[in-house]
Amino acid sequence: MAEPGGDARTWVLRADVVATVLDHGALLLDLQSKYFYQLNPSGWAIVQLFESPTSAVHAVERAKAWGAGDADAAAVRDLVGQLLQHGLLEPGSADARPDGEAPAHWEAPTLERQAQPLQRVIVSAFDPSIPLAE
Amino acid sequence: MPSTPASRSPSDLIGRIQAAAGPISVSIQAPSGSIAAPFRLALSLYDVAWPFPGELRPADLVIRVADEPIVPADGRYLDAAWLRVDPTDHGLRATGASGAVIEGRFDERGEWWEATLPLDETPFARQREADELVALLLTTGWRRAGWLPLHAAGVERDGRAVLIVASGGGGKTSLALSLVERGWRCLSDDKVLLGRHGGEDVVVGLQHVLHVDPASAAWFPALHAADWWPLMAEGSRKRRVRLQSIWPGRGATLATPAQILVVQRENGFRGIRADPMAASALVLALARQTVLPNDRALVSSAMAAFARLAAEVRGWAVTVGDQAYARRDSAARLEELIGGATPAWT
């Protein structure tokens, strides 16, 4: 697994990861694995940076600009590490160093993978249920 | 004047069908009436007239029968138990488990499909195949027309809809029936469309056909003849009945979504309990009750619609215990809860 802490390598959110903005944070759906991931507002602000190629170093810089202290900086590095661990990021090109959008209120970013993925094989084009064995 | 459900004409004998299902006007040409019959049956279930006249899109299907080897689809767009679907440059291509192939070409006006069915099939396989192909044809057309199919029951009162979702066998039909018995009108027992009309979110029913387990007649006297109704599908316990034949005048077509109930059963618990749901949990519940093909734009649009809906409606996690509906006041208590600000009752 990549070490994002002092790593200036750039990463970008995979094209088949769909983000849905909620009133509080966002949901990510990985169309390959079918897993959902829930982000709090700070987590979403960090993930949004990776809609353009950027590095973990830059993500920490932006978080500090938004009010993150040293402890939260570690949490940002952990978040990027989780994104990499779950395969949500892929190698990017030149660092775009996006400014991003600050969350309304900074708090430690969180990413939670939902226990159950969507069904890979479903009953029919209309019914997303689990097919029963015959 | 709203469009009419599946129509019959002398052309039935030579395999022509003209029917409407939601916003889609379906035309099917088959080599014979016997080949067309399973498709006619599949389409006949869509018996709710589309409430927006003049806003139908065409979906044409030409069917041939042949004994030809097929190249199976990979399921890159959709992988269902009896159908695999791949994207193509012009639309979709799908192959069925019993050897059918269907290819669709799409443009801004509608969808144009061609299907090849195997020569020798049992009636059961032929009907299942027709059901699968019709489901693909309709869900594709609905989405392209801007409507999101949802595997949900829906009831309506005063123009406001309560949507009921659950995993298979989770009890959404029973919960819907309990409310219809109390005077709510039925949008559908498992198929609705979500969309925007006149700048507002609306939900439209697709079928006034109920799929009921005869055992539920113990709770709902109106279902006393359920054992005599046609089977929903071979191998299923459930029976199929038109709403009109048991609760005349209780069908509804269109409503504004107001509440969503996410239902689950719990053994060892008696009664019904309802707990408020956070919007994020509601979005996840809705996403699990719609088919999301591997199409980023389509999924993004659907998820955004769910997020908007979850922010607008009240969501409830409803737990239904053993024999909940045997208690005559269960539905009344639930109705009281979802209709007002009464705290959850257990």
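Buried area is the accessible area that two parts lose on being put together, summed over both. In the predicted model described here, chain A and chain B bury about 2,500 Å² between them, and 66% of this area lies on carbon and sulfur atoms. On the side of chain A, the residues that lose the most area to chain B are Ala125(A), Phe126(A) and Pro128(A), which together account for 28% of what that side buries. Counted by residues, the contact draws 30 from chain A and 37 from chain B.

Between chain A and chain B the count of salt bridges is zero, whereas eight residue pairs, with both members at pLDDT 80 or more, are found in polar contact across the interface. As to secondary structure, the elements of chain A that give two or more residues to the side touching chain B are the strands β2 (17-21), β3 (26-30) and β4 (36-39); of these, β2(A) gives the most, with four residues. When the residues on this side of chain A are sorted by class, 18 are nonpolar, six are polar and six are charged.

Backbone geometry in chain A was considered next. Most residues other than glycine have a negative phi. Lys34(A) is found in the loop between β3 and β4 of chain A, and β3 and β4 are among the elements that give two or more residues to the side of chain A that touches chain B. Arg97(A), in turn, is found in the loop between β6 (89-91) and β7 (111-113) of chain A.

The confidence of the prediction for chain A remains to be stated. The mean pLDDT of chain A is 91, and 93% of the residues of this chain reach 70 or more. Over residues 1-5 of chain A, however, the pLDDT is below 50, although this stretch has 13 contacts in the model beyond near neighbours in sequence. Where pLDDT is low, the predicted coordinates should not be read in detail.

Note on methods: Residues are numbered from 1 along each chain as its sequence is written. Chains are lettered from A and ligands numbered from 1 in the order in which they are written. This is a predicted model: local features need pLDDT of at least 70, side-chain atom pairs count only at pLDDT 80 or more; totals for chains, interfaces and linings use all residues. Side-chain values use heavy atoms; hydrogens and water are left out. Contact means heavy atoms within 4.5 Å. Buried area is the accessible area (1.4 Å probe) that two parts lose on being put together, summed over both. A salt bridge is a side-chain nitrogen of Lys or Arg within 4 Å of a carboxyl oxygen of Asp or Glu. A polar contact is a pair of N or O atoms within 3.5 Å; within protein, one must be able to donate a hydrogen and the other to accept it, and residues adjacent in sequence count only if both atoms are side-chain atoms. Ala, Val, Leu, Ile, Met, Phe, Trp, Tyr, Cys and Pro count as nonpolar, Asp, Glu, Lys and Arg as charged, and the others, Gly among them, as polar. pLDDT is the predictor's confidence in each residue, from 0 to 100.
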